[in-house]
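Work through the following exercises with the sequence and the model at hand. Each task is followed by a solution in steps.

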Amino acid sequence: MTHRILWADDEIDLLKPHLMFLRSKGYDLVTANNGRDALDMAEAEHFDLIILDENMPGLTGLETLAKIKQSQPQTPVIMITKSEEENIMDQAVGSKIADYLIKPVNPNQILIAIKKHLHSERLVTEKVTRDYREDFGRIGSLINTADTIEDWQNLYRLLVYREMELSGTDAAMVELLETQKREANSEFAKWVRRNYESWITAEKMPLMSPNIIPRTVFPQLEAGRKVFFILIDNFRLDQWNTIKPILAEYFNFDENIYTTILPTATQYARNAIFSGLMPAQIEKMFPSLWVDEDSDEGKNLNESPLIATLLERYRRSWSFSYNKINDNAGGERLLREFKQLESKDLNVIVFNFIDMLSHARTESKMIRELAATNAAYRSLTESWFRHSSALEIFRRIAEAGHRIILTTDHGTIRVDNPIKVVGDKNTNTNLRYKLGKNLAYNPKQVFEIKNPARFGLPVPNVSTAYIFATRQDFFAYPNNYNHYVQYYTGTFQHGGISLEEMLVPLITLTPKTATV
């Protein structure tokens, strides 16, 4: 494809060497020696890019630019000027120019600017595809050799990075990476089977749900800082990477990953975070605060009391607030009460939007179509964050100079492979984990826990067992199998074992205005 370029400059005759050079590179150059002619030509035919000299007689470059942007806002415009005056630069940038070059310019400078705006998508695609090809063997090796949780975290970071880089590029490369992700999840599930019990019973548990607050929040409070602990439900590493650029203006980041407990479901993982205990310990020590699976009561109504028990158990007298935000109105209310929050040592805020989006995606055909892929799911997350009260809350915290510990209780995975399980009427409804006393399943397809107490899990019945789906699997009942397959294939679920569900972001955000 030959790109057509309009170049307007009152000294265009002096630029013949530049024009010859660009034509030799395959560009179709059309010239004008004043702004009025440039406007007439731009209205008469389509140009892929326009180059304007700022200092032209009659209509100046800035005046010509303003008129072009009114009629053809999508056309990239490169401004060239002799002036280094800051106000001219500000006006040009404010008018959304594509680039700004100061004379004298050589042909290569022009070529680079043109390539950046006409060929960047193709060049980026070629570069990220080439980089992934080079990484392909290394990723395969990391999958086969990963032997510590740090190995898996590093591998997962690399997979997420490559997935986001490849998004919207070469479909064959995207499919190849998806195959590697599936292989990684398969091996990760085997590794979790071998190691999970040792984590739970270890004298010093790795960084997991019950020790997140003691290990990350307490040191900040002990240093005399006020802390906002913000939990976004169902928040994956790729979603953090999506909103990170939005927050970069206000914060510096210390990025980490922690491992959630099983089941990777809100009732278990989030209650473990706020109590600092495994679920079985919560049930034993605070039976009034633990809600059984078969109860109709909400499973996360006791988070504030659980935080109080955690502080009391560690003999900490810090004041705290707890707020759960389910909609934009809740966020606006919190902003109005922000001064009251600043009187507390610790402020805990839970955002439920992404969890609600995940459920809505399952229930709503329209939302399912809007978030048909991981990339689209990330896009919806970014759009929510950019336009919600959540971003304003983060901004307000940054302006006040307070630190944020940002995390989640679990991630979520897009499922597409049904596996059969049979349970009685009391079996829970989650598609990625089941518990019950009469479960029938293929043990080769699941991670089974037949002695839940050893894994820190409640035991409703002496014969209760827990089973967890791995990879992209989800549980389906044989007597309604076709319904489950059609309704849930392609939905985002949580509760089981996968990199996406278990390895989740844990970020310390320090305001750029903070001095310590």
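Two strands count as paired if DSSP finds at least two bridges between them. The model used here is predicted.

**Exercise 1.** Determine which strands pair with strand E1 (residues 4-8), and in which sense.

Solution.
- Step 1: Take strand E2 (residues 28-32). Five bridges join E2 to E1, and the two strands run parallel. Leucine 6 has valine 30 of E2 as its bridge partner.
- Step 2: Follow the chain between these strands. From E1 the path leads through helix H1 (residues 16-24) to E2, a β-α-β crossover that is right-handed.
- Step 3: Take strand E3 (residues 49-53). Four bridges connect E3 with E1, again in the parallel sense. Here isoleucine 5 is bridged to leucine 49 of E3.
- Step 4: Apply the criterion of at least two bridges. E1 pairs with E2 over five bridges and with E3 over four.

**Exercise 2.** Explain why E1 is described as largely enclosed by the rest of the structure.

Solution.
- Step 1: A residue is buried when its relative accessible area is under 20%.
- Step 2: Four of the five residues of E1 are buried, so the strand is largely enclosed by the rest of the structure.

**Exercise 3.** Locate the buried residues of helix H2 (residues 35-44) and state what they pack against.

Solution.
- Step 1: The buried residues in H2 are Gly35, Ala38, Leu39 and Ala42.
- Step 2: Around the axis they span an arc of only 100°, which means that they lie on the same side of H2.
- Step 3: These buried residues pack against E1, E2, E3 and helix H3 (61-71).
- Step 4: At the N-terminal end, H2 is capped by asparagine 34, with a side-chain oxygen 3.1 Å from the backbone nitrogen of arginine 36.

**Exercise 4.** Is threonine 31 buried, partly exposed or exposed, and which residues does threonine 31 touch?

Solution.
- Step 1: Threonine 31 belongs to strand E2.
- Step 2: Its relative accessible area is 31%. Buried requires under 20% and exposed over 50%, so threonine 31 is partly exposed.
- Step 3: Leaving out residues up to four places away in sequence, threonine 31 touches Leu6, Trp7, Ile12, Leu19 and Met41.
- Step 4: Isoleucine 51 is 20 residues from threonine 31 in sequence, and the C-alpha to C-alpha distance is 9.4 Å.

**Exercise 5.** Identify the residues that touch the most other members of the largest nonpolar core.

Solution.
- Step 1: This core has 102 residues, and those touching the most other members are Tyr196, Phe229, Ile230, Phe274, Phe351, Phe394 and Leu406.
- Step 2: Helix H8 (residues 171-201) supplies the largest share, 10 residues.
- Step 3: Beyond four places in sequence, the contacts of phenylalanine 274 include Ile213, Phe229, Leu306 and Tyr322.

Terms used: Residues are numbered from 1 along each chain as its sequence is written. This is a predicted model: local features need pLDDT of at least 70, side-chain atom pairs count only at pLDDT 80 or more; totals for chains, interfaces and linings use all residues. Side-chain values use heavy atoms; hydrogens and water are left out. A nonpolar core is a set of buried Ala, Val, Leu, Ile, Met, Phe, Trp, Tyr and Cys residues joined through side-chain atoms within 4.5 Å. Buried means under 20% relative accessible area, exposed over 50%, partly exposed in between (1.4 Å probe, protein chains only). Contact means heavy atoms within 4.5 Å. A crossover is right-handed if, with the strands pointing away from the viewer, the path from the first strand over the helix to the second runs clockwise. The arc is that of the directions from the helix axis to the C-beta atoms. A polar contact is a pair of N or O atoms within 3.5 Å; within protein, one must be able to donate a hydrogen and the other to accept it, and residues adjacent in sequence count only if both atoms are side-chain atoms.
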